[in-house]
Amino acid sequence: MLSAYPPVHVARYLNCHLDSIAGTRLCGYTPSIMVITVASFKGGVGKTTTAVHLGAFLQGSAPTLVVDGDPNRSVTDWGRAGKLPFTIVDERQSTLHARNFEHIVIDTKARPDEEDLKALALGCHLLVIPCTPDPLSLKTLELTVTALHAIGAQRYRVLLTAVPPPPQPEGADARELLMKLGLPLFSRSIRRVKAFQRAVLDGTTVREVRDERSVVAWNDYEEVGKELMNIIQPAAYADTRVAAHVQ
């Protein structure tokens, strides 16, 4: 059964059935479904934190499912207290529930191989790649992007995370480098804030943490979420017009 498959097979399933899940061929009507995958070749870059907070943002506009595809079950552990605003399932249950949600966020294992990366990249509307502004992460990102280009994947965007505050130059330097390389990059970076650690311990998003910097941290992900929706929705509407035209 598909429901017992790991996340890469879920991604392949979504890739094959994205139109039907989204309803693009159902009487010309299309709900605003989004399938977002969060992946990285390197651990410790805020992958799960990004999946959780994008899921929380998207839940604010429509029912959202977060698929925990990390073998460590990081999202599941984070949400064990039942305080997160979205539904969490592991990959063994995901295909049974996908049609019941308008937004799906997939948290993947770290360091997918090339075949897995291809399935993940093609099985979603947008692949989000978190990257911290340190030399090792940037080097790993270069390998990730090279692999994406080799398979012809274009639906991805890099998100700088754990960016230290000024006057430390790492964030600005990393952004300048990535822009020179011509990589698609979210306009907003995620600043390094201790409230994220507290959010994990409390089983909440950073928005619920009582900390003077928690508002700043949530605002970063909120702006990333808005940009993400602006990236995906025009293309989804264009696909709907094509689908309606050929009916």
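Guide: Just after helix α7, Gly182 has a positive phi of about 75 degrees. Helices (H or I, at least four residues) and strands (E, at least two) are DSSP runs, numbered from the N terminus. This is a predicted model, in which local features need pLDDT of at least 70, side-chain atom pairs count only at pLDDT 80 or more, and totals for chains, interfaces and linings use all residues. Residues are numbered from 1 along each chain as its sequence is written, and side-chain values use heavy atoms, with hydrogens and water left out.

Visitor: Which residues of α7 are buried?

Guide: In α7 (residues 170-180) they are Gly171, Ala174, Arg175 and Leu178. Buried means under 20% relative accessible area, exposed over 50%, and partly exposed in between (1.4 Å probe, protein chains only).

Visitor: Why are the buried residues of α7 said to line one face of the helix?

Guide: Seen down the axis of α7, they fall within an arc of 100 degrees, so they line one face. The arc is that of the directions from the helix axis to the C-beta atoms. On the other side of α7, Ala172 and Lys180 are exposed. The cover over the buried residues of α7 includes α6 (135-150) and β6 (156-160).

Visitor: What makes Cys124 and Cys131 count as buried?

Guide: Cys124 has 0% relative accessibility and Cys131 has 2%. Both values are under 20%, so both residues count as buried.

Visitor: How many disulfides are there?

Guide: A disulfide is a pair of cysteine sulfur atoms within 2.5 Å, and by this rule the count is zero.

Visitor: Leu84 lies in a loop; why does Leu84 count as buried or exposed?

Guide: At 10% relative accessibility Leu84 is under 20%, so Leu84 counts as buried. The loop runs between α3 and β3 (87-90). Again leaving aside neighbours within four places in sequence, Leu84 is in contact with Val52, Trp78, Gly79, Gly203, Thr204 and Thr205. Leu84 and Thr205 are 121 residues apart in sequence and 6.8 Å apart in space, C-alpha to C-alpha.

Technical notes
Contact = heavy atoms within 4.5 Å.
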